[in-house]
Amino acid sequence: MPAVVSSMAHADGSGAPTAAQPTLPQEKLSIRSANGTHDFTVELAKTPHEQEVGEMFRTNVPANQGMLFVWDQPQQSDMWMENTLVSLDIVFIGADGHITSITENAVPQSLARISSHGPVAATLELQGGLTAKLGITVGDVVTSPSLTHTPAHGTTTGAPTPHAG
């Protein structure tokens, strides 16, 4: 396993990501908005390492793709754009599958924290500007196989977990 990790994104020996990670396992995801259903293929960032690297060092995010971060239970989600070379829309998804907030056109390489402002079940990264272009808004419903779990207690009060874009 260590050889795989070192060849994926840690080339400088410091443990900090230095390259884009390989394509992660994918699944279909749909967002139902007032003007129709929008379908995407999303990569699943499941492990702490995959979540830390996220979209870092990638030079584009196609309009029909994205990356989904599903949390074990609803939690505060804090993202940042360090080493992320393209603008992203960051969509926060509640335990009921509804979008609770959206940060549009997050600034590439910014270290500013992008917050869900409360517990969410998942965070979705899409191409920057896409949510406005497609009319995706707070309250729209997101469905995917990974979002079918039902939280045991609804929310948690644990410390925020930071994740990279």
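**Contacts and cores**

Guide: Leaving aside residues up to four places away in sequence, Ile31 touches Gly36, Thr37, His38, Phe40, Ile99, Leu124, Leu126, Ile136, Asp140, Val141 and Val142, where contact means heavy atoms within 4.5 Å. This is a predicted model, in which local features need pLDDT of at least 70 and side-chain atom pairs count only at pLDDT 80 or more, while totals for chains, interfaces and linings use all residues. Residues are numbered from 1 along each chain as its sequence is written, and side-chain values use heavy atoms, leaving out hydrogens and water.

Visitor: Which residues touch the most other members of the largest nonpolar core?
Guide: They are Leu29, Ile31, Phe40, Leu68, Ile93 and Leu124, in a core of 16 residues. At least two residues of this core come from each of strand E1 (26-33), strand E2 (36-44), strand E4 (88-93) and strand E6 (114-127). A second, separate core has 15 residues, including Met67, Ile90, Phe92 and Ile114. A nonpolar core is a set of buried Ala, Val, Leu, Ile, Met, Phe, Trp, Tyr and Cys residues joined through side-chain atoms within 4.5 Å.

Visitor: And what is the overall pattern along the sequence?
Guide: The pattern reads α-β-β-α-β-β-β-β-α-β-β, with 3 helices and 8 strands. Helices (H or I, at least four residues) and strands (E, at least two) are DSSP runs, numbered from the N terminus. Of the contacts between residues at least 6 apart in sequence, 73% join residues at least 24 apart.

Visitor: Switching to Gln76: is it buried or exposed?
Guide: Gln76 counts as buried because its relative accessibility is 18%; buried means under 20% relative accessible area, exposed over 50%, and partly exposed in between (1.4 Å probe, protein chains only). Gln76 lies in strand E3 (residues 65-80).

Visitor: What does its side chain reach at 3.0 Å?
Guide: The side chain of Gln76 reaches the backbone nitrogen of Gly118. Another polar contact, of 2.5 Å, joins the side chains of Gln76 and Ser115. A polar contact is a pair of N or O atoms within 3.5 Å; within protein, one must be able to donate a hydrogen and the other to accept it, and residues adjacent in sequence count only if both atoms are side-chain atoms.

Visitor: How many of the 165 residues count as buried, as a percentage?
Guide: The figure is 45%.
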